[in-house]
Amino acid sequence: MAISGTTSPASPELLLPRWDPAAPRRAQIEAGLRESIRVGRLLPGVRLPSSRALGAELGVSRRLVVEAYEQLAAEGYLVSNRGSGTRVAPATPGAPSSSDSSSADGAVADGTRGTVAAAAAAIDLFPGSPDLSLFPRRAWGRALRRALTELPDARLGYGEVGGTEELREALAEHLGRVRAAVAEPGRVVVTAGYQQGLRIFCALLRGRGARRVAVEDPGYPLAAWAIEAEGLEVVPVAVDDEGLDVEALVAADPDAVIVTPAHSLPAGAVLAAERRLALVEWARGRGALVLEDDYDAELRYDRRGPAGTLQGLAPDVVILAGSVSKTLAPALRLAWLCLPGDAVTAAAITRGMLDGGGPRVEELALADLIASGAFDRHVRAARAHYRDKRAALLEAIDAAMPGARVRGIAAGLHVLLELPDDVDEAAVVERAAAAGVRVQGVGDFTRAHPHPPALVLGYGLPTVRELREAVAVIGDAADAARAS
């Protein structure tokens, strides 16, 4: 099979595996190409035969092939450029993605326990995945070039395991201004992604003699898995419409807790003001640490700015964890912890033991992006983009599933779609996967507290058209699951 970026065109046999000379020819060409792209016989970037060559091979006019190519280009399946011919589009609708691997590594990376059928789905509604086409390549490139140009030779060596001074200063200013955090450069430790921040948090807990860590239930699965991998006990605590149940937390009496006060995953709840105060009171009285996962708080749509941090109320007991994985791209592996003063040294030492420190040039580039205002401009543009996507998703749900309750719409990159009580959540997930839509049920996020049937719909990565197609499939799957 031809691979992405190949210079030799794909064969007509691969394009049209069921060519029937007696049937309408243009429709067959379009359908055959569309199917080959959808199932992955034609990969993104593959060059198709010229219209003249394919027409001669199939015994049809060149004009008929041109019209078929033009129709598929209008649908987004193909792209045509002078001098390079017609190719499969880089991000074709329905094309299988290499990120949809069913390997164990893929399952760990995205925190799911989905089926092989779901992993092969064409439209992926994985929650929390940003629209990577928004990445500000030019601004990032300029920031990288400035960092490389201005970086002295001496700073190309080891050092600054807690992050460059420039990035810690930029983050402290940004977090104080945008997130109402109590942030000073000396309190910030830069990490290689949120997962490394979790490891550092667990190391701090072990150093303090802590053994039991509470997590939201339903909540982010990877947090619980990471805690268990570090040899600590997971204590699931229920979440409702007002966020973490602090009374249940107090009763469970863990040594620490991980919370998402601004927008819980998957329910999308905001921790109520009374519970914030109660949580802080408990942490101080118990001598417990709180890790605030601020994973998507800047993407908020119901107010001019995101909700303030819990850390801003109690910087002595709350560690604020954030990253650019949702606002920029996960590939950068740039995140941070804003810590109580007495935990900074231990956190920096742990970071150094894990990998010796981060990528200095990229850290300087992010500092430049923040200090120049380019990061703020990008986040504002991204927020408007995702607001439009969210609106399209909600309109599609209203059309396909009238009266359905949708929660968590105020922020982030996902919503929780509640299903009727008589609908089998797992059956909907399986039927949707069979129809080419990967979606997760809320059951993938629960440990000890069963939740009514619901689906977690991520809207960051798919196009608006894919969102509409996916919701139509989900609506049909829900109807079928109810009927069966």
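Helices (H or I, at least four residues) and strands (E, at least two) are DSSP runs, numbered from the N terminus. The model is predicted, with pLDDT of at least 70 needed for local features and 80 or more for side-chain atom pairs. Residues are numbered from 1 along each chain.

Helix H7 (residues 137–150) packs against helix H14 (residues 360–371) at an angle of about 120°, and their axes are 8 Å apart. Axes here are lines fitted to C-alpha atoms over the stretch in contact, with angles from 0 to 180 degrees between N-to-C directions. The two helices are therefore oblique to each other, a word kept for angles that are not under 35 degrees (roughly parallel), over 145 (roughly antiparallel) or 65 to 115 (roughly perpendicular). On the H7 side, the contact residues include Trp140 and Arg146, and on the H14 side they include Glu362 and Asp368. By class, this contact has 11 nonpolar, no polar and three charged residues; Ala, Val, Leu, Ile, Met, Phe, Trp, Tyr, Cys and Pro count as nonpolar, Asp, Glu, Lys and Arg as charged, and the others, Gly among them, as polar.

Turning to the strands, an open sheet of eight has the order E4-E11-E10-E9-E8-E5-E6-E7, with mixed pairing; two strands pair if DSSP finds at least two bridges between them. Its edge strands are E4 (188–191) and E7 (243–244), each pairing on one side only. Strands E10 (residues 318–323) and E11 (residues 335–338) run antiparallel and are joined by four bridges. Alanine 321 has leucine 337 in E11 as its bridge partner.

Terms used. Heavy atoms only, no water. Contact = heavy atoms within 4.5 Å.
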